[in-house]
Amino acid sequence: MVQNGQITFYTHMYSPNCHRVHIALEEVKADYTPVTVNLMEKPEWYNQKVNPITGKIPAITYGGPKHAPEVPSGEATSLIESMVIVEFLGELFPAANLVPRDPLLRAKARIFTSVVETKLLEGLRSHFFMGGPASELIAAFEALQALLPPAGGFAVGEWSTADIAAAPYLVRILMLLKHDIGKYPVGEGKKTMEVLRGPKFARIMQYVEDAKAWPSFRATWDEAATLEIWKTNPAIQRN
């Protein structure tokens, strides 16, 4: 299957989930129209006409002619949930090889994604949003590192959906630790960063650098601009 109709991409730079979809769109070389949705003042039309199920971003509309962002075409289908969209794009553009064709590699990619969705996200919420200890976050890095091919490469060797699931979160976590941003005590972020820069975590830190250098990631990542947005996020400000 190939692209048969327009793609409108509803997004915001803040969101790692939106970043996932942005990477996939670039990777498959889709023809798409990006639309930034204000997270603080989400327009009513978005909840009514684009994502009435959860009201969250990202979302895409697919199919039919190009349309105004607030008035999706009746021929278009709205799709939500970042990894649902990423897998859809991988299947829509099979030549991009985003979804591993080998059943075993495909299963491994989904296991890696599952660890991101559970352990890594739970560690992120606990440490940055609730001020909990870094132990859960560090354990998530350890769990992901254990799944990486030891000799190098990406999560299942070649760049895939698994890397698109992980990389947007990993780079934001390291960015926040580097700048000591979060509800944890002052100075703890830099201490955690020192742990992750140690020899024990050399493999996953190299993995992050490799991901940052990948063309579709590099084309969609503006660390300076993203940092400015996260600095003002009230949910992670210290009291």
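Modeller: Let us begin with a term: a nonpolar core is a set of buried Ala, Val, Leu, Ile, Met, Phe, Trp, Tyr and Cys residues joined through side-chain atoms within 4.5 Å. The model is a predicted one. Its largest nonpolar core has 76 residues, and those with the most contacts inside it are F112, L120, F128, F141 and Y207. Helix α6 (residues 161-178) gives the most to this core, with 13 residues.

Colleague: Why is this core said to lie between domain 1 (7-96) and domain 2 (103-236)?

Modeller: Both domains give residues to the core, so it lies between them.

Colleague: Which residues is F128 in contact with, leaving aside its neighbours within four places in sequence?

Modeller: With those neighbours set aside, F128 has contacts to L137, I173, L176, L177, I181, G182, K183, Y184 and I236.

Colleague: What makes L89 count as buried?

Modeller: Buried means under 20% relative accessible area. L89 has 0% relative accessibility, so it counts as buried. This residue belongs to helix α3 (residues 82-92). Beyond its neighbours within four places in sequence, L89 is in contact with I7, V21, A24, L25 and V28. L89 and A30 are 59 residues apart in sequence, and their C-alpha atoms are 8.6 Å apart in space.

Colleague: Where does UniProt place the feature "domain: GST N-terminal"?

Modeller: The UniProt record, an unreviewed entry, places that feature at residues 5-97. Over residues 5-97 the chain is 32% helix and 18% strand, with the end C-alpha atoms 21 Å apart.

Colleague: Let us turn to the aromatic residues. Why is the pair of F112 and Y207 called edge-to-face?

Modeller: The structure holds 14 aromatic pairs. Rings pair if their centres lie within 6.5 Å, and planes over 60 degrees apart count as edge-to-face. For F112 and Y207 the centres are 6.1 Å apart and the planes stand at 70 degrees, so the pair is edge-to-face. The pair links distant parts of the chain, with F112 in helix α4 (residues 103-129) and Y207 in helix α8 (residues 202-213), 95 residues apart. F112 counts as buried because its relative accessibility is 1%. Y207 is likewise buried, at 1% relative accessibility.

Colleague: How do you know that the pair of F129 and W230 is edge-to-face?

Modeller: The ring centres of F129 and W230 are 6.5 Å apart and the planes are at 70 degrees, so this pair is edge-to-face. F129 lies in helix α4 and W230 in helix α10 (residues 223-231), so the pair ties together parts that are 101 residues apart in sequence.

Colleague: Are F129 and W230 buried or partly exposed?

Modeller: F129 has 23% relative accessibility and therefore counts as partly exposed. W230 has a relative accessible area of 4%, so it is buried.

Colleague: Which residues form one aromatic cluster?

Modeller: The cluster consists of F112, F154, W159, Y207 and W214.

Colleague: Now the backbone. What kind of peptide bond joins I57 and P58?

Modeller: The bond between I57 and P58 is cis, with omega about 5 degrees. P58 is located in the loop between α2 (44-50) and β3 (59-62).

Colleague: Finally, the whole chain. How do you know that its radius of gyration agrees with that of a compact globule?

Modeller: With 239 residues, a compact globule would have a radius of gyration near 18 Å; the chain has 18 Å, so the two agree. Its C-alpha atoms fill a box of roughly 50 × 45 × 25 Å along the principal axes. Buried residues make up 50% of the 239 residues. Of the contacts with a separation of 6 or more, 72% are between residues 24 or more positions apart. The chain has ten helices and four strands.

Notes. Residues numbered from 1 in each chain as written. Predicted model: local features only at pLDDT ≥ 70, side-chain atom pairs only at ≥ 80, totals over all residues. Heavy atoms only, no water. Buried < 20%, exposed > 50% of the residue type's maximum accessible area, 1.4 Å probe, protein only. Helix = DSSP H or I, 4+ residues; strand = E, 2+ residues; numbered from the N terminus. Domains from an automatic or database assignment. Contact = heavy atoms within 4.5 Å. UniProt positions renumbered as here; feature names shortened; annotations may be inferred. Phe/Tyr/Trp six-rings, centres within 6.5 Å; stacked < 30°, edge-to-face > 60°. Rg over C-alpha atoms; globule rule 2.2 N^0.38 Å.
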